[in-house]
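Let us read a structure together, one feature at a time. Have the sequence and the 3D view ready.

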Amino acid sequence: MTRYLVRRFGQALAVVFLVSILTFLLLHLLPGGAARAELGFRSSPSAIKAFNIANGYNRPFFSQYWLYIDHLFHGNFGYSYKLNEPVSTLLSMDLPKSAYLSGLALFFTVIIAIPLGIYQAVRRNKPDDYVVTGLSFIGYSMPTFWLGLLLIAFFSVYLKWLPPSAPQSATVGGAFTDPKAMVLPVLTLTIVGVASFSRYMRSSAIESLAQDYIRTAKAKGVTQRGILFGHMLRNAILPIVTLLGLSIPALLSGNLITESVFNYPGVGLLFWTAAQSRDYPTLLALTLVVAIFTVLGNFMADISYGIIDRRVRVS
Amino acid sequence: MPPDIETPPPGEIDASTEISQLVRPPRRRGAGVVSVFMENKLALVGVILIVLIILFCFVGPLVYHSNQIASNLSISNDAPGPGHPLGTDNVGYDELGRLMKGGQSSLEIGFAAAILAGLFGVLWGAVSGFFGGIIDTIMMRIVDALLSIPVLFVLLLMAAIIKVNQLNLTLAVAFFAWLVPARLIRGETLTLRTREYVQAVKGMGGGASRSIFLHLIPNAIGTIVVNITFQVADAILALAALGYLGFGIPPPAANWGAMLSQGVTYIYAGEWWLIYPVGALIVLTVMAFNFVGDALRDAFDVRLQRR
């Protein structure tokens, strides 16, 4: 297990390293370089030179990359000249709020999608399975923003039950105190998540219900409940764990869209407003952070894979 | 099992069985794919929908003429009525004609990006899987690194840096879309390369490119086609999201996502024609491609057919 972990960790580090090179290169691909991006296209050559010297952009390429990495390790993700604040401060404000939204949505997704998938697998090719499959196809094909808008149109504009915007508080504590406003954003992300995960769970459960050990269990006289939760679940859930890890980029993208639809002040909204105001340091830093989270997610999925399935640890 | 020869179960063979009955004519697999595909009603619905949407977007403007060049503020946000079956948008463009125009760019970019990504991904995956070892490790770590960058974030980043047009948007979508086919094909190649017929090519002195292009890729065609279908759906979704966030192809070009985000401004005014037709069209298009992709996967997956 230790060797497996060490190897996976090494791979994760290599991926983060590659991504950091990518964002670093993007910073250099900006039209006119970082200085023009910050100071504007009408800035004087002397101002640009001064900016480059002050920020180390006149150094050799590799030395610049080293500086970039050194800053990252000291928690310096760059400085947003547009918002006049270090990116790390912006992150520490917005990240908990995004985590709160994603966490809630993921929690509901898992506790709804897994039983639903198992139910569909048991009732395979019966009318109720078809109905759920049809619904999940619609949910799967639905752009997140369109779903969010439909929910706003129905619950806020038509029924007037729920507010159309998410909690606007600057802190995550404020978001906790306004549960009513959280309902629609969480519901949006949950519907999208359930639509795809129940489908994966269904096919995974069907696959493992066809295995020999299920037949053996049936022959032994194990009850339906015992077969489903004692024998099938642990095997069927394996691919789902990997898929959860792999779906983190999609989750984060969904988060970005949901946050912009409901104006929820998280990392996604921060990224969107940064893109609108061409706030490059923020954009690049957030891209890196998002990538690190994805790698971390994949790594954790692999670890839990090892915990659930002992065979993985041996190989 | 080589696809051309199917041996009946042992019980069915007796002395009277002719050799020609054991060796079935080739291309049976292809026929099976078509019949399984046709049996699936959802797939048929999907294909019909795709054809209708393509006709709507590309033939529609030839039949239904509308002014999509000059704006006319005196007729902005008009309700559906004579002359404008779906009303007009906030600068007086005819909404129905705009839907057609927006669909053109969505479909063109979707198809082009999916095919481009499919070709490159297949090549990358096949090479990686065929050679294995250190080449495979390096090539797959690159894929992993790119996969861990959320596409939407990078598309937004790109749109913030350069001016978006149809060509660079296609390339950008394709740049991230080749990763999944590359992984799938690599996995497929890993099992295919141990098969006898690939070993035979090696034994007879056939080079790597011969094995890859004539043997590995044709045998992985099912996986490739299924994935390209899903990629089209994903590309259309990504484009709509980008347009909605305000970074799609700028006007006077039309895109569905941007139309929707403009329409949302009037959601409280009850101007439904600006929101629901375009939203429904996006969902229908994406759903049609998903239906077809799903059915194709069933059709190519021999294991599922037996059940």
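Q: Leaving aside its neighbours within four places in sequence, which residues is L156(B) in contact with?

A: First, the basis. This is a predicted model: local features need pLDDT of at least 70, side-chain atom pairs count only at pLDDT 80 or more, and totals for chains, interfaces and linings use all residues. Residues are numbered from 1 along each chain as its sequence is written, while chains are lettered from A and ligands numbered from 1 in the order in which they are written. Two residues are in contact if their C-beta atoms, placed from the backbone, lie within 7 Å. For L156(B), the partners are F271(A), A275(A), L245(B) and F247(B).

Q: Which members of the largest nonpolar core touch the most other members?

A: A nonpolar core is a set of buried Ala, Val, Leu, Ile, Met, Phe, Trp, Tyr and Cys residues joined through C-beta atoms within 7 Å. Buried means 20 or more other C-beta atoms within 10 Å of a residue's own; exposed means 12 or fewer, and partly exposed is in between. Here the core has 147 residues, and F271(A) and L156(B) touch the most other members. Helix α11 (residues 221-244) of chain B gives the largest share, 15 residues.

Q: Why does this core lie between domain 1 (2-81) and domain 2 (88-314) of chain A?

A: Domain bounds come from an automatic or database domain assignment. The core lies between these two domains because both give residues to it.

Q: How many residues does each domain of chain A bring to the contact?

A: Domain 1 brings 21 residues and domain 2 brings 19. On the domain 1 side, α1(A) supplies the largest share, 12 residues. That side divides into 14 nonpolar, 6 polar and 1 charged. Ala, Val, Leu, Ile, Met, Phe, Trp, Tyr, Cys and Pro count as nonpolar, Asp, Glu, Lys and Arg as charged, and the others, Gly among them, as polar. The domain centres, taken over C-alpha atoms, are 32 Å apart.

Q: How many helices and strands are there in chain A?

A: Helices (H or I, at least four residues) and strands (E, at least two) are DSSP runs, numbered from the N terminus. Chain A has 15 helices and 2 strands. Of its 315 residues, 36% are buried.

Q: How many residues of chain B are in contact with chain A?

A: 33 residues of chain B meet 35 residues of chain A. α6(B) supplies the largest share of the chain B side, 9 residues. By class, that side has 27 nonpolar, 4 polar and 2 charged residues.
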